[in-house]
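Welcome to this short briefing on a protein model. Have the sequence and the 3D view ready, and look up each residue as you read.

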Amino acid sequence: MKGKIKRIVASAMCAVLVIGAAAGCGEKNTADDGIKRYTVFIGDSTKEPSADNKILKRFSEELGYEFEFEYLAGNLDEKLGVMIAGGDYPDLVMGDTKLIQAGALIPLDEYINEEDYPNLYRHIEPVKKRAAYDDGHVYILPNYGITYGERSTGGYYGPAFWVQKRVLADAGYPEIRTLDELFKLIEDYVAANPTTDGMQTIGYEILAAQGREYVMTSPAAYLAGSPNDGAVIVDKDTYEAKIYADSDYMKTYVSKVRELNEKGLVDPETFTQSLDQYHAKIASGRVVALFDQRWNFQTAEDTLGAQGMYDKQYAPVIPTFDETMEPWYKDKTVVNAQNGFGISTACEDPEGLLKFLDTILSEDWQKYIQWGEEGVDYMVDDNGMFYRTEDQRTQQSDEQWQAANKIVAFQGLLPKMEGEYSDGNGTDPAYQPDEFYESLEDYDKDFFEHYGAKTWSDFMNPIRENPPYYPAWQIDLEDGSDAQFANQKLTDLQVSYIPKMIMASSDADFEKLWNQYVDEIHNGVNVQAYEDRINEQIQWRLENWD
Amino acid sequence: MKTAVKSKKHPKSPEEIKTNRSFVQRMGLQWQLILMSIPFLIHRIIFSYVPLKGWLMAFQNYKPAKGWLDQEFVGLKWFKQLFSDTVFITDIRNTFAMSLINLSLGFITAIALALLLNEIKNTFAKRFVQTVSYMPHFLSWVIVAGLVQNMLSTDSGIVNDLIVKLGISDTKIPFLSEPKYFWGIVGASNVWKEVGWNTIIYLAAMSSIDPSLYEAASMDGAGRFMKMFHVTLPGIKTTFMMLLIMNIGHILEAGFELQYLLTNGLISSVSETIDIYVLKYGIQIGNYSLGTAAGIFKSVVSITLVFIANKLAGEENKLI
């Protein structure tokens, strides 16, 4: 008996030691075979490349770079928090201001110069100030928003109210200007079509899941004609930011959704569902309308497309509270500062990694990554313009094909060229005039025609010059600060009160809850600290940018 | 402490050793025991005491970029912030409430099931019930939460379908959006998942009860239920007390996953526990100091409760 226990204990200890040793030895970036290997963290859990991915294979064979990817499982903030608490970073890491504050990222501007990294230099230099963190250093290479040329993309992935195309078609392709018109449209459609494919039609869907609270909390700002400034509305003349959680705008929006709910048009499970359940509902094709940013439910729409249910996919509408307000949903492309990849202090050979990033920012590699292989993934016409054949287009949306031929998640965070190449081709098919329209399904072409549109952007407001400080949503609140604490409290209050107000059974109940809610914001949340931080940063930007 | 307990049972007349010899002499006599306990002592020090230096964070304005001694000290700021936050106070209440529900339901159901299983004479039936009832223990909470969510859904959940079809209620009940149901759901889920597993230890304790006690009880004319109450239950009393004291130490751990996975804005006032608070206001927004302060509070309460329970348990059941 004793001997047995000893053996068990001994083997358990051995196991612990072995595991500890294995985890302890960090690998050198350059192995004996001359291949540089880096670990990469991607804060996204979808669309992983397959083992024999075409692009990754070329990275390895032609450039001598191999990557070991770690994808996010769960909540990003938690994952980063744990990473920081443990001090254990991958080489190339999805950047976040948390990591900058923890001193986990190296200042890239100190490395990037014209001589060693010509492409990176060309890419970053013009937007250096906007991409920089508070201390003036660039830690994260923006993944989007650095454009070449004036061309704009055919797709639209930003905020809007989204209505199923069948609903708009049914109503005779109306122009929706106000929230009342939109809700009337929903009401009429559901009354006429109570079921969809045998299931109950859902009028309006809201998401209140953790990390995506903006779906529930931000519509009021857009309805009031404010661009995407996060939790604040910024005065257009004085540039002073104020929260709108306690404003009349919010009250109007919530009370109107409450009226909709009273008519049984809001999904009864809307506030208890997770992001996955939300996607599943949208993918079932029975959700008539919702507010969101398109990237957040894109996968669900893709599923609808894969089943040929184009009429149940969505078109953006941009209502305001009344017709005197100008909608401002689509903004001019902004540098997606503090989003993208950063290189961690744990990386032993950052120069090697930067060299890789520099190489793939060359036009040849950009074409390969964004368009694919000439003659295989796209064709070139007599004028040197790229286009795709029908088959080439169709395979693009096949998820398995994507996994083998594209690096969707990786590319999502890598710095990239957007706009046009020096030869006049769009950087990717969405930027190629004609190619975008041609890539549409027949249903969509017909739908576009009724609205006189060529691209999704034509459904949006005309682009205006962004305010000089814009956008406020990118302002970093600094971890552990009072502003950050206030922001979390405010979000929590909204997540707990807005559903209650929407589900309130009478106007009197609603009023009571609203007063309680406003009272709690004013007495329980340090709103001042939050607004001060935002205003301070807006002032800083007004002084230092451009 | 452990060695002291052991020395009491030492064959070489312990009383004599205790009174007549010096501390060093006594150490010398027990050197094998002391030697054997050293690895465990080291293990404890490394994994339980060394990490306590992290408690410093609760008194600092901790920023991960700096070393842990270069931080700015802020005294009791974080504790004050915690206890002036009504959400935290509600979270303490929720944690205690759910914990007590889990604890009492857990004990009652496990002992009841163990008593019943103990009476089954058909080995196959007994094993079968036992196996089936402890299987859910091996499911992760993520799966259990998914099951619960699907079962209770108003959309096509089986529970609501039954309620409507059996005519118990005309309308479907929104279980997961009404605060009053939540603690019950957590309690029931816990019972479903853990009841079989918890019976194992009681069944083991029951099997060690001297059969002659049952025979004697039969001679005195005791029936099945009399035997259960007067032989089986007293027989597992020590096991019960031991488990109770140990579990009281965990009373501030009402569970985290289930609440975290099932929560939503409508019921967050009853579903949020201290652990979720730490996650949201500590780790998630990078305020490690606040998280640590809440952790210290938990530890202090747990230790106090264990000592109180130990005291109340009476001399013969004492663990410490």
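Leaving aside its neighbours within four places in sequence, which residues is Q259(B) in contact with? They are M98(B), F182(B), V186(B), A254(B), S271(B), T273(B) and I276(B). Keep in mind that this is a predicted model.

**Q259(B) and its helix**

- You can find Q259(B) in helix α14 of chain B, which covers residues 257–262.
- Is Q259(B) buried or exposed? Its relative accessibility is 1%, and buried means under 20%, so Q259(B) counts as buried.

**The domains of chain B**

- Chain B is divided into domain 1, residues 1–43, and domain 2, residues 78–317.
- Taken over C-alpha atoms, the centres of domain 1 and domain 2 of chain B are separated by 39 Å.

**An open sheet in chain A**

- Four strands of chain A form an open sheet with mixed pairing, and their order is β9-β12-β6-β13.
- Why is one side of β9(A) and of β13(A) left without a neighbour in the sheet? Strands β9 (202–205) and β13 (314–317) of chain A stand at the edges, and each has a single partner strand, so one side of each has no neighbour there.
- From one strand to the next, the twist averages 25°.
- As background, strands of a sheet pair through backbone hydrogen bonds, in either a parallel or an antiparallel way.
- Strand β6 (residues 159–164) and strand β12 (residues 287–293) of chain A run antiparallel and are joined by five bridges.
- For one pair to look up, take P159(A), whose bridge partner in β12(A) is Q293(A).
- Helix α12 of chain A, residues 275–283, lies across β9, β12 and β13 of chain A and runs at about 135° to β12(A).

**Parallel pairs in chain A**

- Strand β1 (residues 36–42) and strand β2 (residues 65–71) of chain A pair in the parallel sense, over seven bridges.
- Within β2(A), F69(A) is the bridge partner of V40(A).
- Strand β1(A) is also joined by two bridges to strand β3 (residues 92–94) of chain A, and these two run parallel.
- Opposite F41(A) you will find V93(A), in β3(A).

**A mostly covered helix in chain A**

- How many of the eight residues of helix α15(A) are buried? Six of them are, and the helix, residues 363–370, is mostly covered.
- The buried residues are W365(A), Q366(A), K367(A), Y368(A), I369(A) and Q370(A).
- Among the elements of chain A that cover these buried residues are α2 (54–63), α14 (350–360), β16 (386–387) and α18 (408–413).
- Just after α15(A) comes G372(A), which takes a positive phi of about 115°.

**Where chain B meets chain A**

- In the contact between the chains, 29 residues of chain B touch 30 residues of chain A.
- The size of an interface is often given as the accessible area lost when the parts come together.
- Between chain B and chain A, about 2,600 Å² is buried, and carbon and sulfur atoms give 51% of that area.
- On the chain B side, L266(B), Q284(B) and I285(B) lose the most area to chain A, together 24% of what that side buries.
- Two salt bridges are found across the interface of chain B and chain A.
- D492(A) forms a salt bridge with K280(B), and their closest N and O atoms are 3.2 Å apart.

Methods:
Residues are numbered from 1 along each chain as its sequence is written. Chains are lettered from A and ligands numbered from 1 in the order in which they are written. This is a predicted model: local features need pLDDT of at least 70, side-chain atom pairs count only at pLDDT 80 or more; totals for chains, interfaces and linings use all residues. Side-chain values use heavy atoms; hydrogens and water are left out. Domain bounds come from an automatic or database domain assignment. Two strands pair if DSSP finds at least two bridges between them. Axes are lines fitted to C-alpha atoms, for helices over the stretch in contact, and angles run from 0 to 180 degrees between N-to-C directions. Contact means heavy atoms within 4.5 Å. Buried means under 20% relative accessible area, exposed over 50%, partly exposed in between (1.4 Å probe, protein chains only). Buried area is the accessible area (1.4 Å probe) that two parts lose on being put together, summed over both. A salt bridge is a side-chain nitrogen of Lys or Arg within 4 Å of a carboxyl oxygen of Asp or Glu.
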